[in-house]
Amino acid sequence: MATFRSQRTQKDREIKKIIDQIRREYNVYRRGKTPKKKNATQTDPVEVYCRIRPLDNPDDPTCIKALDNAVVQLLPPQNTERVTRNGQVKEYQYTFQYVFDEYASQKKIFDYVAMPLVDDLIHGKNGLLFSYGITSSGKTYTMTGMPQDQGILPRCLDVLFNSIEEVQAKKYVFKPDRMNGYEVQSEVDAMMERQKKDILPGMTTPKTPMTPRHRDGFEMEDHGRVEDGDRVENVDEDNNYAVFVSYTEIYNNYVYDLLEELPWDPIVGYKPPQSKLLRTDSQDTMYVMNCVEVECKSTQEALNILYRGQKRRKVAHTALNAESSRSHSIFNIRLVQAPLDPRGEEVLQDADKVCVSQLSLVDLAGSERCQRTGNMGDRLKEAGNINQSLMVLKTCMKLLRENQKNCENKMVPYRDSKLTHLFKNYFDGDGKVRMIVCVNPRAEEYDETIHVMKFAELTQEVMVARSQQVKFDIGLTPGRRRLNQQYKEALADIPLIDEEMPMVQPITYSLGPSFPSLEILHARDDYTLNQLQNFLEDRYKRRESLLVDYTRKQEQFRVQLVAFEKEYSAAKIKNAELQTVLEKKESYIQKLEARLRSSDKKNEEMTKTLKMSERDRRELDAKLQDKNVKIRQERTEKERLKNDFRTRLEMNNQHWEKNLEKEKHKIESEFGGQIWEKQKKLNLLKSIVNDKDAAYEVSRGGFRTPAPKPRTYTTPGKIMTAKSETDISSVGTNSTPRTRTATGTVSSARAAYQQRIASSQASRNTPVYNPRHRRSRSSNAEIWLDHKPTGNVELAVGKDGFFEYTVLQPKMKKKKSVTKLEVKDTKDVSKYCLTHQQMDSGGELETNLVKGDVMPTAAGGTAVVFTDVESLKQKSPGTRKRRSSCPQPTDYEGDWTDTEDRCRVAIEGHGRKRSRGTERESRV
């Protein structure tokens, strides 16, 4: 028994050495990923298939038909503008890998398109199949189908599980590591996890019976589903297989997991799903981070996962499709396989031997035009993102084709869309790529169908590197599973001891047969003695040989024991070294954890500081904006005050100039009156000398000076106000000469003299013009020349951003505004308007609009004939007291003398005599 055990131990060591040697020699597999061939020289084109959807009404006009199994013809509909120059309708023909007409079955499409991909999946290769087309072209039906006529996806699951039904690993033997790879567990660990996840929850917490829910019409019932019985041959029986499925969608260029459990909030209900990120694993393979992967053991389990995800998929009603897909759905089937151990019982506990192959079935959302669908709001945003992602896919295909044809190395914009970024590895040679183009043959879909055909034609020209054939032979004995089963069957036929352990024959040592008869019949019985002697000699030889064998085996055992001791000592030393290294690593890990906690704490503090800084920055920005607003307001107020001050200053300057002019006239009037009075005295003296009785009247027309200072020689009567500056002679009602009448007469004579001089100068300087000239009125519009000199106050006064306009405004439909008049400005105008402003006697601003006609002159120039003057005046309403009808001091330019002064002068002149000096003083 001991020898048997030692021999078995030695064989186990030899087997272990062989396994280690095989592991070193054939360690070519990578963890969690199908090996792909780098710098592959063999390439395959992207295979594109075409499927024509059956018409709802066979009598409807069509725009496409299948000529044979590989060519389709695209015809523009009737009454179209797409004709050639000679009037013929232009036809298009496109070639595909295979064309499925309206009568092609789902089974035929699966056998041609998807069956080779399932075969590659079982043999360790990746595959990508996506359906492309416009909305309502049958893409979703092609991928999923109906219960009685299944699509590509359910048939792929049926064929896969039919092929690996007998070689599936037990559940939880393969476990996802959350990094796009898988770990291998022993049968015992897998059994413990099955009990923990599947058995114990149902035993400890029985499920409450739930009300059966009504299933959607799209889901397939178990009793109505027609399964596909095909299977893939040449499945490696020395491997164990496990199937994992995941279901994601790309909605508005964000990736969402349709199998993720949504958190429940008692207030708001289910929280919205969080978008997932795309990451690369250690082999630069793209995958969806933290995506839920469910292990399935049958087709029905996988379909239940599919139905659960379809309930959360984004589907909406549009004008062209009642259930239009608003996102790109991706159903991943991952097949994990690993070889069995040398005994053929369990999976080899080596993660490097695990091979993962993946089949991605993509249902792309259909491209659509918003003019036809009438989308608005969210539907419009979804359509824009769908068209944008499909446009990025087309751009990537175009650049791949250009790089391959022209041997260029242009950057392909995979990252512009989540769809192309996720499947970039397939176009780099990580698997086979196929596409089904679904076409709606209705004539109304011609414009969009032709774009789909052009994209299909472009895609067929893209070449993809052929993936490497995976080899599962790692040096172990082929047929291990079958031999193990045969061994177990043979072991079952061996009789059992106590029905527990099989009977094993022990190895015994014997010195020969038993002793012969030792009875001596008589003294000379030599036969018995000789027989006993021979027996003892034989027994002695046998004993010596057994002792030699025992010694030999003892030496062998001692050698094995010494070797074991050496191995044990070496293992113990190595274990101590490893223990020391482990302690150092644990200490280093603890230090790193402490540093990590410290870094996290500092990070939290920095985050808080950053938030406080952001809050302070926002507050300072708000204060800065308020200050800027106040500064702008103050600046506007200063500008307004500055303009107001400038206006008042100009008005004050004009007022002072006018007052100075009045003072000037006043002084001239005073001195003119004195000269007139002296002339009068002189004339009186002349008349006395010449003895003339009649009074000599001095002509007033000979003097060019203003009237003298008023003197009261008679009792003043009623004084009337002057109507104008040139009509002051009418002031007063009595015929008796009065001071103000005389003053008005002198002023009138002076004004008439100045007017005659101005008219004579004007007559000499004014060019001759044609007074009978008349402009054409055919244009029915007069062009005005609006002359506004600089410094004028605008009729519209701005105040804090608002404008107050005068009621009377000059109305000129067509005008040309200038500030400085030039000759060229009068060429193309027919009317002239000069804006003149001045201060009136009350200190108010008065605006005069001098208007005239622009006439051509005989010399070729232009002349302005003034025809009218308009006055615009603004004044404060003041008090409500009525103005007296009596003359006011503001009605006269000279000094005003009230009644008391006039009466005093009259009394002094007639009632009392004066001395000569007093009289001279009063007259002066």
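**Note on cores, salt bridges and a surface patch**

1. In this predicted model, Glu 260 has a relative accessibility of 22% and so counts as partly exposed. Its side chain meets that of Lys 276 in a salt bridge, with 3.2 Å from N to O. Lys 276, at 12% relative accessibility, counts as buried. The two residues are 16 apart and link distant parts of the chain: Glu 260 is in the loop between strand 11 (254-257) and strand 12 (264-265), Lys 276 in the loop between strand 13 (269-270) and strand 14 (278-280).

2. A further salt bridge joins Lys 297 and Glu 295, whose closest N and O atoms are 3.1 Å apart. Lys 297 is partly exposed at 22%, while Glu 295 is buried at 6% relative accessibility.

3. Glu 408 and Lys 410 also form a salt bridge, at 3.5 Å between the closest N and O atoms. Glu 408 is partly exposed at 34%, and Lys 410 is partly exposed at 39%. Elsewhere, salt bridges with shared partners connect Lys 107, Asp 111, Asp 149, Arg 155, Asp 228 and Asp 230 in one network. The count of salt bridges is 40.

4. The largest nonpolar core has 52 residues, and Phe 96 and Met 453 touch the most other members. Helix 8 (residues 378-406) gives the largest share, 8 residues. Another core, of 44 residues, lies apart from it and includes Tyr 49, Ala 104, Val 113 and Val 243. Among the residues that Phe 96 touches are Val 48, Tyr 49, Val 437 and Met 453.

5. Leu 561 lies in helix 13 (residues 526-689) and is partly exposed, with a relative accessible area of 39%.

Terms used:
Residues numbered from 1 in each chain as written. Predicted model: local features only at pLDDT ≥ 70, side-chain atom pairs only at ≥ 80, totals over all residues. Heavy atoms only, no water. Helix = DSSP H or I, 4+ residues; strand = E, 2+ residues; numbered from the N terminus. Buried < 20%, exposed > 50% of the residue type's maximum accessible area, 1.4 Å probe, protein only. Core = buried A, V, L, I, M, F, W, Y, C linked by side-chain atoms within 4.5 Å. Contact = heavy atoms within 4.5 Å. Salt bridge = Lys/Arg side-chain N within 4 Å of Asp/Glu carboxyl O. Lists of a residue's contacts leave out its neighbours within four places in sequence.
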